[in-house]
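Here is a short tour of one structure, written to be read with the model open beside you.

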Amino acid sequence: MKNKNFNYRHLLFYALFAGLTASAAETNVKNISYGDEEYTVEERWTNKTAMTNFAMQSGDSFWGSSNFFFVKDGMIYITKDNIDTDCGRLIVVDGNTGTFLKTVTIDWNSYTPNESAATVFAGVDSEGTCYLASYATSTYNGYPFVIYPLEISEAGIPVVQNQYNLTLGTKWWVQAPDVYGSLTSGNFTVAAPIWNLMDATDDKKLETCLAVWTVTDGKETSRKSYDAKLTQCDVKILDDNLIALHDRHLVSTSTASSVNAQHMNNAIAPHPTIYTLDDNNLSMLSAVEAAADDDPYGNGMYFFNFDGGNYLMAYASSGFTPEFKLMAVPDYPQSFNGAEVLCTLADKTAKLSTDKPDGSFMRTKVVVEKTSDNSADIYMAAHGKGMACYTIKREGSVSTGIESIVDHDNVPEEYYSITGVKLQSPPAHGFYIIRQGNKAIKAFAQP
């Protein structure tokens, strides 16, 4: 395949770098049966020093502590967890190989960035729109909490599409939020754990709660608070009044106070747990039954299914040492009744992190991107250290008919944007796809 606009030196560099930093386990394939469905789970790559490598290559060590990212069209976009004014860039990683590509500057369009943001979160709403979310530090009145929906341009640039300002109030810190509904239409719900401000001794009193905002036609219409003992909690809104929590049960301060110890001991949801949201009450419905070797120091979970099939959950079953599992959830979203672990994804021997979780940014995280009606990629990150990617495929959609034989090497090349739009010719710069017969590769044009 020849294309004068494609920079093969970059492709060679990425391939060589992938060989140095990410190990592909060609033999790590699991065949799974559950109900009337068959799955194949395969390890794509594991990079034990991913975050450190990405920070080094981006030239900014602040990135080494972030575990907040979203995935779009096989590209991983990692935010910068920092306390400075430069929150306008993202790291871009090739999700196929786990290799660093570049940093990109966010196009804010006509909207205003949340300056001096304490943390920049990332996610995808339940309709598939990527977003960033951040809250500003105490130097800004009311700790502004802002959600920014994004589109990714054909050149791979995140472009802000809107700006939703939510009421937070003074002296509160937001933890990782989740968005349920449509950011595009302006009708959605946001849920996030929040903490109170540290006191003068740098010790958290840890008055915590779960905050839930409702936005209608682009305007905040309600905000409710649910008292709950939380530390570093992952949140997934499942339905209008159902929510799943997975709390890490560990926080870090400069003083080992009894307040912290008591709070951690009483924290809820050490393993994925479903609750109802009724008025101002948070009521537990059911929880994942932990295995003997699971610990409560992990967080991170992601629910998905294939074209009307069984619901599955990829989640962190342990945090020290990190371990990730795949579970069938037949009663989704109502409960974990009948839930069954199908396999271990990245087990403890993968050593995605060897450090004990520490600080408010060190967490385990799971993101799933569906690549077709029958396949998805599962991305896992651990404590700002290692990352791994697994592919799961639902088997059984195989055609047995042979219609024709095509010489795929001699058909013309076709070019597509990363969003699937057919192009007349390769773009001048950015990511695109080259298709020739039944072969397709992702390419990057260097201006």
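Arg89 is partly exposed, at a relative accessible area of 21%; that label covers the range between buried (under 20% relative accessible area) and exposed (over 50%), found with a 1.4 Å probe on protein chains only. Its salt-bridge partner is Asp60, and the closest N and O atoms of the two are 3.8 Å apart. A salt bridge here is a side-chain nitrogen of Lys or Arg within 4 Å of a carboxyl oxygen of Asp or Glu. Asp60 counts as buried because its relative accessible area is 14%.

Before going further, please note that this is a predicted model, in which local features need pLDDT of at least 70, side-chain atom pairs count only at pLDDT 80 or more, and totals for chains, interfaces and linings use all residues. Residues are numbered from 1 along each chain as its sequence is written, and side-chain values use heavy atoms, with hydrogens and water left out.

**Salt bridges**

Side chains of opposite charge can pair when their charged atoms come close. How many salt bridges does the structure hold? There are 5 salt bridges.

| Pair | N to O distance |
|---|---|
| Asp60 and Arg89 | 3.8 Å |
| Asp377 and Arg44 | 3.1 Å |
| Lys325 and Asp294 | 3.0 Å |

Let us begin with the pair Asp60 and Arg89. This pair links distant parts of the chain, 29 residues apart: Asp60 is in the loop between helix H2 (50-58) and strand S3 (69-72), while Arg89 is in strand S5 (residues 89-94). Helices (H or I, at least four residues) and strands (E, at least two) are DSSP runs, numbered from the N terminus.

Next come Asp377 and Arg44, whose side chains meet in a salt bridge at 3.1 Å, N to O. They too link distant parts of the chain, with Asp377 in strand S26 and Arg44 in strand S2 (residues 37-47), 333 residues apart. Asp377 counts as buried because its relative accessibility is 6%, whereas Arg44, at 24%, is partly exposed.

Lys325 belongs to strand S23, and Asp294 to the loop between strand S20 (281-287) and strand S21 (301-305); the two are distant parts of the chain, 31 residues apart. Are these two residues buried or exposed? Both Lys325 and Asp294 are buried. Elsewhere, salt bridges that share partners join Asp60, Lys80 and Arg89 into one network.

**An open sheet and its helix**

Arg89 brings us back to strand S5, which is part of an open sheet of 4 strands in the order S3-S4-S5-S6, with antiparallel pairing. S3 and strand S6 (99-105) stand at the edges with a single partner strand each, so one side of each has no neighbour in the sheet. From one strand to the next the twist averages 25°; axes are lines fitted to C-alpha atoms, for helices over the stretch in contact, and angles run from 0 to 180 degrees between N-to-C directions.

S3 pairs with strand S4 (residues 75-78) in the antiparallel sense over 4 bridges, where pairing requires that DSSP finds at least two bridges between the strands. In this pairing, Phe70 stands opposite Tyr77 in S4. H2 packs on the sheet and touches S4, S5 and S6, its direction making about 50° with that of S6; contact means heavy atoms within 4.5 Å.

Most residues other than glycine have a negative phi, and most peptide bonds are trans. Strands S15 and S16 pair in the antiparallel sense over 8 bridges, with Val212 opposite Lys224 in S16. They form a hairpin with 2 residues between them, and Asp217 in the turn has a positive phi of about 50°. Asp217 counts as exposed because its relative accessibility is 60%.

His383 also has a positive phi, near 55°, and lies in the loop between strand S26 (375-382) and strand S27 (386-394). This histidine is buried, with a relative accessible area of 1%.

Where are cis peptide bonds to be found? One runs from Phe320 to Thr321, with omega near 0°, and Thr321 lies in the loop between strand S22 (311-319) and strand S23 (322-328). Another joins Tyr332 and Pro333, with omega about 0°; Pro333 lies in the loop between S23 and strand S24 (340-344).
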